[in-house]
Amino acid sequence: MAKCALVTGVTGQDGAYLSQFLLDKGYEVHGVIRRSSHRGVEDHRLRWLGISGKVHLHDADLIDLSSLLRTVQDVQPDEIYNLAAQSYVASSWRQPILTANVTATGVTNMLEAMRLGAPGARFYQASSSEMYGLIQEPMQSEKTPFYPRSPYAVAKLYGHWITVNYRESFGLHASSGILFNHESPLRGVEFVTRKVTHGVAGIKLGLAKELRLGNIDAKRDWGHARDYVRAMWLMLQQETPDDYVVATGVTTTVRDMCRIAFDHAGLDMDKYLIIDPAFYRPAEVDVLLGDSSKARRVLGWEPQINLDQMIREMVDADLERLRREAAV
């Protein structure tokens, strides 16, 4: 019989790529979606990948335990991937309570729904490299101390440790992936990589005259979401649950990432890029660089798509989107 997976955050970047990956492996895929006044457009990422009609969608919310428990009981999944969150760091300063309720407490709700409704399932929690914040070691591994620098990172840290606690307290097969930055054409435009590629595409097509960014000297370890969802799945195939850093091991400045995008579009970055202090964070995370040696050793995982390939793919996708919109 085909395995059954339940994915929260199924309409987000990671949820869409994970659903496609699982469907290709023969899974029956169910997804949790929040009730929205924009019904009919929330699955645009699934439609972009051509899998919208293949994923079974259920109305539920991370802050509503009853809806999660009902969904888990109905679906009886073999695997649960908790990818839903208020995941935009900048918004977490403006909406700290919402971020805590969804990104932190919501993990407990999902774990509790699994414990009560499908205790034999395997659980994946999407932890984040933002938990390292003010880095305590040059490369961050599973053993590096955390120092979160945003309400989002603090909430993610709670979600990470409550997953460990449920694993140790109740014997659940619950693993966390401490994922470093991972991007794709499906990334939201509020995130810096997509803001850059969308902005570059707009300039190339004459729809914009400039690109405004904040701290372009910040360094990040960027990978492709397709590679990272594969790591999620590998974690749940292990006999013993555990926590893993997933990263490329290469750090790049926002400035150099921008240059890749501008160069691919045949544009001079220095003519269009403007530094705007309005986009600086209240507390900046200057450098993130992941040590994924454990994931490579235990899971047999390694990234297959490099930063240059990813940014070029994202620019091309944004050019295609903007050309389609202009033709409508």
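The crossing of helices H1 (13-24) and H8 (225-236) is right-handed, a crossing being right-handed if the near helix is turned clockwise from the far one by less than a right angle, and left-handed if anticlockwise. This is a predicted model, in which local features need pLDDT of at least 70 and side-chain atom pairs count only at pLDDT 80 or more, while totals for chains, interfaces and linings use all residues. Residues are numbered from 1 along each chain as its sequence is written, and side-chain values use heavy atoms, with hydrogens and water left out. Helices (H or I, at least four residues) and strands (E, at least two) are DSSP runs, numbered from the N terminus.

**Helix H1 against helix H8**

- The two helices H1 and H8 pack at an angle of about 65°, and their axes are 9 Å apart; axes are lines fitted to C-alpha atoms, for helices over the stretch in contact, and angles run from 0 to 180 degrees between N-to-C directions.
- On the H1 side the contact (heavy atoms within 4.5 Å) includes Tyr17, Phe21 and Leu22, and on the H8 side Val229, Met232 and Trp233 are among the residues involved.
- By class, eight residues of this contact are nonpolar, two polar and three charged, where Ala, Val, Leu, Ile, Met, Phe, Trp, Tyr, Cys and Pro count as nonpolar, Asp, Glu, Lys and Arg as charged, and the others, Gly among them, as polar.

**Nonpolar cores**

- The largest nonpolar core has 35 residues, of which Leu22, Tyr81 and Tyr124 touch the most other members; such a core is a set of buried Ala, Val, Leu, Ile, Met, Phe, Trp, Tyr and Cys residues joined through side-chain atoms within 4.5 Å.
- Buried means under 20% relative accessible area, exposed over 50%, and partly exposed in between (1.4 Å probe, protein chains only).
- Helix H8 gives the most to this core, with nine residues.
- Apart from neighbours within four places in sequence, Leu22 is in contact with Ala5, Val7, Tyr27, Val29, Tyr81 and Trp233.
- A second, separate core of 26 residues includes Val196, Cys258, Phe262 and Leu267.

**Helix H5 against helix H6**

- The axes of H5 (residues 96-117) and H6 (residues 151-170) come within 8 Å and cross at roughly 15°.
- This makes H5 roughly parallel to H6, a description that applies to angles under 35 degrees, whereas those over 145 count as roughly antiparallel, 65 to 115 as roughly perpendicular and the rest as oblique.

**Arg255**

- Arg255, found in helix H9 (residues 254-264), is partly exposed, with a relative accessible area of 32%.
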